[in-house]
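Thank you all for coming; I would like to walk through one model this morning, and I will go slowly enough that you can follow along in the viewer. Please have both the sequence and the coordinates open.

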Amino acid sequence: MATAKVVLVGGESGSGKTTLARRLSALLPITRLFNQDDYYKSPEEVLRVEGHPDWLLWDDVSALDQERFAADVSAAGGLPSNFSSDDAFTTAVAAAAAAAAAATVAASDSSSHVNYNAVSATTVIIVEGTMVFQMPWLCNLASVGVWVDTPRDVCTHRRAQRSYDLADPPGYVENVVWPAADHALRAAKTFEADRPLIRVVGM
């Protein structure tokens, strides 16, 4: 089995990373897409925010079932044993990410696939979420990362429009979500120290 390539797509809550990951999956052939949100633990298992016993700490990697997450990603097959540089693949992903961000390609258009030699015969595993750069086991598998950089005020507006099974308590976004997002960006910059990180501006 050929070695797969793992692409991480991160960004703040409401940044448009899920939309970009889906478009990217439509552009790159032979893809598997994993969404961090599918791996949250049950509310009973999630830690409480210090000083706020009624707040559940969803915006921390401890809220994720990483064992199940890792098992599912591993089951996709052909994972690399370690990171190796691949400039051609990075260039192809960067081009696809730019097209996805610009919404220049319809996901349903089969003629829109990016047919670069660097990706045409490669299984691409895309993993998206706010905390993908904070899980060492996942970062160690990744060939390249994508960070969706959307203004905080836009993210705040989008977050406010969403409906969650458990609504954000008053003050949760300001005191937990955005500090966690700042931490996630620092983690992405650490990732960038030894492998490519593609920055997509606005979604």
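When I say that one residue touches another, I mean that heavy atoms of the two lie within 4.5 Å. Please also keep in mind that this is a predicted model, with an average pLDDT of 86 over the protein chain and 87% of the residues scoring at least 70. The stretch to treat with caution is residues 104-113, where the pLDDT is below 50, although in the model this stretch still has 11 contacts beyond near neighbours in sequence.

Let me begin with the sheet, which is open and is built from 5 strands in the order β2-β5-β1-β6-β7, with parallel pairing. The edge strands are β2 and β7, the latter covering residues 197-201, and each of them pairs on one side only. On average, neighbouring strands in this sheet are turned by 20° against each other, if direction is ignored. Looking at one pair in detail, β1 and β6 are joined in the parallel sense over 6 bridges, and V6 has A142 in β6 as its bridge partner. Across β1, β2, β5, β6 and β7 lies helix α1, residues 17-27, which runs at about 155° to β1.

I would like to finish with a polar residue, N35, which is found in strand β2, residues 31-35. Is N35 buried or exposed? Its relative accessibility is 16%, and N35 therefore counts as buried, the cut-off being under 20%. The side chain of N35 makes a polar contact, at 2.6 Å, with the side chain of E128. Leaving aside neighbours within four places in sequence, the residues in contact with N35 are T18 and E128.

Key:
Residues are numbered from 1 along each chain as its sequence is written. This is a predicted model: local features need pLDDT of at least 70, side-chain atom pairs count only at pLDDT 80 or more; totals for chains, interfaces and linings use all residues. Side-chain values use heavy atoms; hydrogens and water are left out. Helices (H or I, at least four residues) and strands (E, at least two) are DSSP runs, numbered from the N terminus. Buried means under 20% relative accessible area, exposed over 50%, partly exposed in between (1.4 Å probe, protein chains only). A polar contact is a pair of N or O atoms within 3.5 Å; within protein, one must be able to donate a hydrogen and the other to accept it, and residues adjacent in sequence count only if both atoms are side-chain atoms. Two strands pair if DSSP finds at least two bridges between them. Axes are lines fitted to C-alpha atoms, for helices over the stretch in contact, and angles run from 0 to 180 degrees between N-to-C directions. pLDDT is the predictor's confidence in each residue, from 0 to 100.
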